[in-house]
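Please prepare a short report on the model shown here.

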Amino acid sequence: MSDVVYAPAEVRRARYAVAAVFAVHGAVTGSFATRVPWIQDHSSVSAGQLGLALAFPALGASVAMPLAGSVSHRFGARNALRGLIALWTLALVLPSLAPNLLTLCLALFVYGATAGMADVAMNALGVEIENRLGRSIMSGLHGMWSAGALIGSAAGTLAAHLGSDARVHHALASVALTVLGLLFCRWVLDLQPTEDEEPPPRFALPPKSALLIGAVGFCAVFAEGASLDWSAVYLRDQLDTSAGLAAACTTGFTLTMAIARFVGDRVVDRFGSVRTVRVGGAFAVLGGLLIVVGGHPAVAMGGFALMGLGIAVVVPLCFAAAGRSGPNPSLAIAGVATITYTSGLIAPSAIGTLAQATSLMVSFALVTVLAGGLVAFAGVLRAGDRDRPKLSAPAAAVPDRQP
């Protein structure tokens, strides 16, 4: 992208605009997740068929994410994000319209594809803004995504409680979120490719650096997916707690992650990406040990809270490191996103399969081992700690920008 110089106020405004786009993206996910039972009934699919259909968003995202770089190169960063976030918010209506398994799978494939491309575009812009500000913002941006998901899920819970038709709910939510997304995109950076910049390939394998960074993200997202989907089951079945206490454990894990992401940027700015992830990995390992050997609900809940605290900022830092790891940030970010999406897809089923063959305690011992990978391999994120050009008043005053 072009080395256009923006005034400090414009970069700060772009930061808040991209943060709002992250929240819109998260709100779509939250709106969809709360209406999955309605969608299952409407499409007349069994639990097993629903599990198959829910694999298609990750499949669609994995196929489409490498295209995001080409879209940004052709249309510019602002127009690309504007179009991709609109496609994502509009795709929210598709699953609720599906009358059977085939159409549901197709709808979820499109839903995932648009989600993945918008994800890459907004993370690439977030990395660019972080570079220009000269300080960490990616953790806070992902915290905004979590906040948006909570708002979307709250609205969806209310809609479900009122017995509303998900087609109506999602149509209204889609319109509102599309308007908000397009509005916020007006203030993101309008980066354009330079004349001598080669267009990225439409499909290409991610660079080696992205594979190494993605492996760290894989460990964190595996722990996240396992904890989100199985923490309540663990407390109920392994420790014989009530359903309410089991649900509170999952809520505590989610809140811990969200809070840690909002404060994570200050920690990263002070200690750096590598040290932050290593310490976080140590917290996650300690949490995993408490889960596996604690033997008491309160100890296990504390373990899940530590797990959430330890992994919260890893994925944002993986995206930040990928964006600085080579000449093609979008391709590297797409590679990391593909790996993390895959991890989120396989984690719940892998935990369930291993638990059926052994026990949930063994499953979370595996999660603990993977969390140890954060400590061992955090050094690959060193690209995220490279010198960042901080904004300066004299440079920012140069009006070298396309209208």
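## Confidence

Over which residues does the pLDDT stay under 50, and how many contacts beyond four places in sequence does the model have for them? The pLDDT stays under 50 over residues 386–390, and the model has 15 contacts beyond four places in sequence for this stretch. Here pLDDT is the predictor's confidence in each residue, from 0 to 100, and a contact means heavy atoms within 4.5 Å. Residues 392–403 also have a pLDDT below 50, with twelve contacts in the model beyond near neighbours in sequence. Where pLDDT is low, the predicted coordinates should not be read in detail. Over the chain, the average pLDDT is 87, and 90% of the residues score at least 70.

This is a predicted model, in which local features need pLDDT of at least 70 and side-chain atom pairs count only at pLDDT 80 or more, while totals for chains, interfaces and linings use all residues. Residues are numbered from 1 along each chain as its sequence is written, and side-chain values use heavy atoms, with hydrogens and water left out.

## The largest pocket

The largest pocket has a volume of about 1900 Å³. A pocket is an open set of points on a 1 Å grid over the protein atoms alone, where a 1.4 Å probe fits, with protein on both sides within 12 Å along at least five of seven lines; lining residues have an atom within 4 Å of a point. The volume is the space filled by probe spheres set on the points, which are joined across faces, edges and corners.

The lining of the largest pocket has 48 residues, and those closest to its centre are Thr 29, Trp 145, Glu 224, Leu 228 and Gly 344. Helices H1 (8–33), H4 (56–64), H8 (101–133), H9 (138–161), H11 (208–238), H12 (243–271), H15 (314–323) and H16 (329–357) each give two or more residues to the lining. H12 provides the largest share, eight residues. Helices are DSSP runs (H or I, at least four residues), numbered from the N terminus. By class, the lining has 27 nonpolar, 17 polar and four charged residues. Ala, Val, Leu, Ile, Met, Phe, Trp, Tyr, Cys and Pro count as nonpolar, Asp, Glu, Lys and Arg as charged, and the others, Gly among them, as polar.

## Residues within helices

Asn 123 is in helix H8 and counts as buried because its relative accessibility is 0%. Buried means under 20% relative accessible area, exposed over 50%, and partly exposed in between (1.4 Å probe, protein chains only). The side chains of Asn 123 and Asp 119 are joined by a polar contact of 2.5 Å; such a contact is a pair of N or O atoms within 3.5 Å, where within protein one must be able to donate a hydrogen and the other to accept it, and residues adjacent in sequence count only if both atoms are side-chain atoms. Leaving out residues up to four places away in sequence, Asn 123 touches Phe 22, Met 138, His 142, Phe 319 and Ile 333.

Cys 185 belongs to helix H10 (residues 166–185) and is buried, at 0% relative accessibility. Beyond four places in sequence, Cys 185 touches Val 21, Arg 78, Leu 81, Arg 82 and Ile 85. Leu 354, in helix H16, is partly exposed at 26%.

## Loop residues with positive phi

Ser 44 lies in the loop between helix H2 (36–43) and helix H3 (47–53). Ser 44 is not a glycine, but has a positive phi of about 55°, and is exposed at 60% relative accessible area.

Asp 240 is in the loop between H11 and H12. Also not a glycine, Asp 240 has a positive phi of about 60° and counts as exposed, at 69% relative accessibility.
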